[in-house]
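Please look through the structure below before reading on. The paragraphs after it walk through a few of its parts in turn.

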Amino acid sequence: MKQLALYTIIVFATLAGAALLLYFPEAVVMFLISLAVAATVRPMLDGLTARGLPSGVSVLLTFLLIVITLIGLIWGVSGLLVRDLGQLGDNLAVLYDRMWATWPHGSSLQQALIARLPPPEDLYSAIAGDQGGALVTTLMGVTTSSVGFLSQFFGALVLSIYWSADRIHFERVWLSLLPVDVRARWREVGRDVEKLLGSYIRSEVFQSLLVGLLLGGGFTLMGMPYPTALAVLAAVAWLLPWIGGVIAIIPVLIVALIAGFPLALVAPVFTLAVLTIMELVVEPRIASRRQYSPWLTVILLMVMGESLGLIGIILAPPLAAMIQITARRILQETQASAAPNQEIESARRIAELDERVMEVRQMIDKMEEPPSPQTISMLDRLSELVCKAQEISGVPQAGNSPTPR
């Protein structure tokens with residue numbers, strides 16, 4: 001019944017979230033990001049406040065640090081990323097020219113493949129012509145989408161400042177919908193959910209940044225082509241559940257094979273080692289392992305991926321974790337509040353059973369013929385079980401004693 005209740009809550013919450021996401025995607029995304037940011041920075045805010053800083057100053061310092069870190073990260077990575085992408089475009093053009101120079105005289109497979117590809121001059125003219133305009137439009141769309149997401153993220157960051165600065169007021173608003181005698185308990189439920197969600201997001205973000213830093217530094221030292229692009233791709237892929245490691249290692253393997261030995265051996269092994277250490281060593285040390293439903297994550301990946309693209313795919317796992325954390329905590333609180341009533345009901349049933357045993361004894365005493373030994377034995381055994389149940393539950397005993405033989 002516990003699992004059924006938990007799954008029912010999760011399903012209804014997922015359906016409600018999917019409906020909101022379908023009709024109000026931008027508002028939902030901004031709201032979720034703001035909650036996630038507020039939950040993530042909560043320990044830092046509490047730490048600054050505990051050291052004597054005013055609440056408003058702690059909020060401003062925390063979010064100022066976040067903004068400076070994000071701007072510095074984007075500024076430092078964007079230049080290296082643009083350089084790698086430009087180098088990749090030049091190398092692809094040189095590789096395509098080389099293919100057309102050698103494959104027409106190569107193996108039968110190479111000849112069959114090159115016969116289906118356009119010559120370099122036709123390809124370049126197509127890129128510069130109408131198809132090139134479509135490509136430019138696509139790239140502009142990607143750029144616009146990225147800029148839109150960044151603006152949406154900073155909008156959510158501003159909203160999260162309000163969540164953090166006026167936390168007590170918002171708690172009072174939603175707690176006012178509950179009865180007075182349960183408000184304290186449900187306030188603790190909300191804070192526990194925020195704590196668990198913040199821990200999960202901090203763990204994922206830290207792992208992603210660490211993956212990008214380690215792989216970027218390692219690729220640069222070993223002379224791997226496009227080190228920043230591969231590291232950024234791996235860092236983003238690591239945020240995806242299950243398939244993130246595969247998506248991270250496949251581009252590294254392809255580039256390393258093209259680069260030749262020894263990178264073809266060293267780079268994939270290094271990438272696999274870093275991802276394995278992250279999974280088996282780093283993650284258990286910075287966050288407790290909790291089992292989250294893969295089905296809920298898959299559903300949200302499909303829904304949010306269809307609505308929001310890559311951004312939705314990245315946001316789906318923490319949203320699934322938030323839904324399940326909330327559902328479990330609410331179920332625990334509901335069971336805890338129902339436990340006293342269950343104890344009272346159990347005590348009442350034990351008392352009724354004790355009375356029935358006493359009635360049976362009185363009936364036996366009034367019988368003209370003595371009962372059989374089997375009946376006396378069963379009654380004695382039942383009396384002993386009732387006494388044990390009374391001892392375990394703490395119900396006062398009514399003084400039953402075995403029937404004299």
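**A walk through the helices**

Tyr226 has a relative accessibility of 11% and therefore counts as buried, since the cut-off for that term is under 20%. This residue sits in the loop between H8 and helix H9, the latter covering 227-237. Its backbone carries a positive phi, near 55°, although Tyr226 is not a glycine. These values, like the others below, come from a predicted model.

Next comes the chain as a whole. Which kinds of elements does the protein chain contain, helices or strands? It has 14 helices and zero strands, so that the order from the N terminus on reads α-α-α-α-α-α-α-α-α-α-α-α-α-α. The protein chain holds 405 residues, and 31% of them count as buried. Its accessible surface is about 25200 Å², with carbon and sulfur atoms making up 70% of that area. Among contacts with a separation of 6 or more, 65% are between residues 24 or more positions apart.

At 4% relative accessibility, Ala38 is classed as buried. Its C-alpha atom is separated by 8.4 Å from that of Leu157, a residue 119 places away along the chain. Leaving aside residues up to four places away in sequence, Ala38 touches Ser160, Trp163, Ser164 and Glu194.

Which residues of H10 are buried? They are Gly244, Gly245, Ala248, Pro251, Val252, Val255 and Ala256. Because these residues cover an arc of only 150° around the axis, they lie on the same side of H10. An α-helix has 3.6 residues a turn, so residues three or four places apart point the same way. The buried residues of H10 pack against H8, H9 and H11. On the face turned away from the buried side, H10 carries the exposed residues Leu257 and Ile258.

The chain after H10 also has backbone features to look at. Gly260 follows H10 and has a positive phi, near 95°. A cis peptide bond then joins Phe261 and Pro262, with omega at about 5°. Pro262 is in the loop between helix H10 (244-259) and H11.

The last stop is a pair of rings. A pair of aromatic rings is described by the distance of the centres and the angle of the planes. How many aromatic pairs does a search of the whole structure find? The search finds one. Phe219 and Phe270 form this pair, and their ring centres are 6.2 Å apart with the planes at 70°, so the arrangement is edge-to-face; the cut-off for that label is over 60 degrees. Phe219 lies in helix H8 (residues 183-221) and Phe270 in helix H11 (residues 263-286), so the pair ties together parts 51 residues apart in sequence.

Notes. Residues numbered from 1 in each chain as written. Predicted model: local features only at pLDDT ≥ 70, side-chain atom pairs only at ≥ 80, totals over all residues. Heavy atoms only, no water. Phe/Tyr/Trp six-rings, centres within 6.5 Å; stacked < 30°, edge-to-face > 60°. Helix = DSSP H or I, 4+ residues; strand = E, 2+ residues; numbered from the N terminus. Buried < 20%, exposed > 50% of the residue type's maximum accessible area, 1.4 Å probe, protein only. Arc of directions from axis to C-beta. Contact = heavy atoms within 4.5 Å. Areas by Shrake-Rupley, 256 points an atom, 1.4 Å probe, with all protein chains shown as cover.
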